Amino acid sequence: MSSSNHRSGRGHRCPESAWTRIRAVASLGMVFGLGAVGTMAYWVDNATMTTGAFSVANIDLQVNDTKSYTTWTLGGTGLMPGDTRAATLPVQNKGGVDFTYTATLNASGEAVLAPFITVTAYAGGNVASNKCNGGSAIAGASKTLTVGTAQAFISTPRTLTTSSTTETLCFEAQVSNAITKSASNKAVRVILQFTAVG
């Protein structure tokens with residue numbers, strides 16, 4: 001009887017021990033679950049910041065205070081072989097950023113006359129006796145006219161460093177001494193196209 005009770009008691013304590021272990025594990029699981037929820041609550045937050053405004057600068061290249069200068073005084077009538085005509089032209093930075101600029105040379109009118117006229121650009125200087133005086137010749141900026149074909153003229157970029165800066169250029173056109181009679185009573189117009197890059 002006593003051995004039976006002993007076995008019975010031993011059998012009764014095992015389930016209780018197992019239940020205790022199971023309950024302990026379940027409790028531990030609950031603790032981890034609560035810990036995770038609490039941690040999430042502490043790590044979530046929000047804040048908002050608005051920056052200042054952004055705006056884009058403006059490049060504004062003008063010649064003689066305009067975008068399209070159609071009354072430029074470089075020209076002449078009744079010219080003879082070897083004659084020259086000159087005129088200055090202010091190139092201006094009217095925008096809010098520094099830029100560099102280049103220019104192409106073109107012509108319109110009678111193609112037979114164009115090959116007998118050469119245009120040269122000078123940095124600075126003024127006009128005296130129908131020639132550019134006191135300026136520095138711009139490298140590569142001396143070309144014979146062609147009608148309808150734009151040529152690289154001021155090809156090395158020139159810099160206008162600050163807003164409202166002006167560079168005065170002088171342009172001189174010369175009629176070739178080799179001009180032929182077929183070009184008499186003909187006319188051409190010089191077209192300069194300036195391009196600015198910021």
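In which sense do strand E3 (residues 99-109) and E10 pair, and over how many bridges?

Modeller: This is a predicted model, in which local features need pLDDT of at least 70 and side-chain atom pairs count only at pLDDT 80 or more, while totals for chains, interfaces and linings use all residues. Residues are numbered from 1 along each chain as its sequence is written, and side-chain values use heavy atoms, with hydrogens and water left out.

Strand E3, residues 99-109, pairs with E10 in the antiparallel sense, over 10 bridges. Strands here are DSSP runs of E with at least two residues, helices are runs of H or I with at least four, and both are numbered from the N terminus; two strands pair if DSSP finds at least two bridges between them. Within this pairing, Thr100 faces Val197 of E10.

The pair belongs to an open antiparallel sheet of 3 strands, ordered E8-E3-E10. Strand E8 (151-160) and strand E10 (188-197) are the edges, each pairing on one side only. From one strand to the next, the twist averages 25° (axes are lines fitted to C-alpha atoms, and angles run from 0 to 180 degrees between N-to-C directions).

Among contacts (heavy atoms within 4.5 Å) with a separation of 6 or more, 81% join residues 24 or more positions apart. Of the 198 residues, 24% count as buried, meaning under 20% relative accessible area with a 1.4 Å probe, protein chains only.

How values were computed: Buried < 20%, exposed > 50% of the residue type's maximum accessible area, 1.4 Å probe, protein only.
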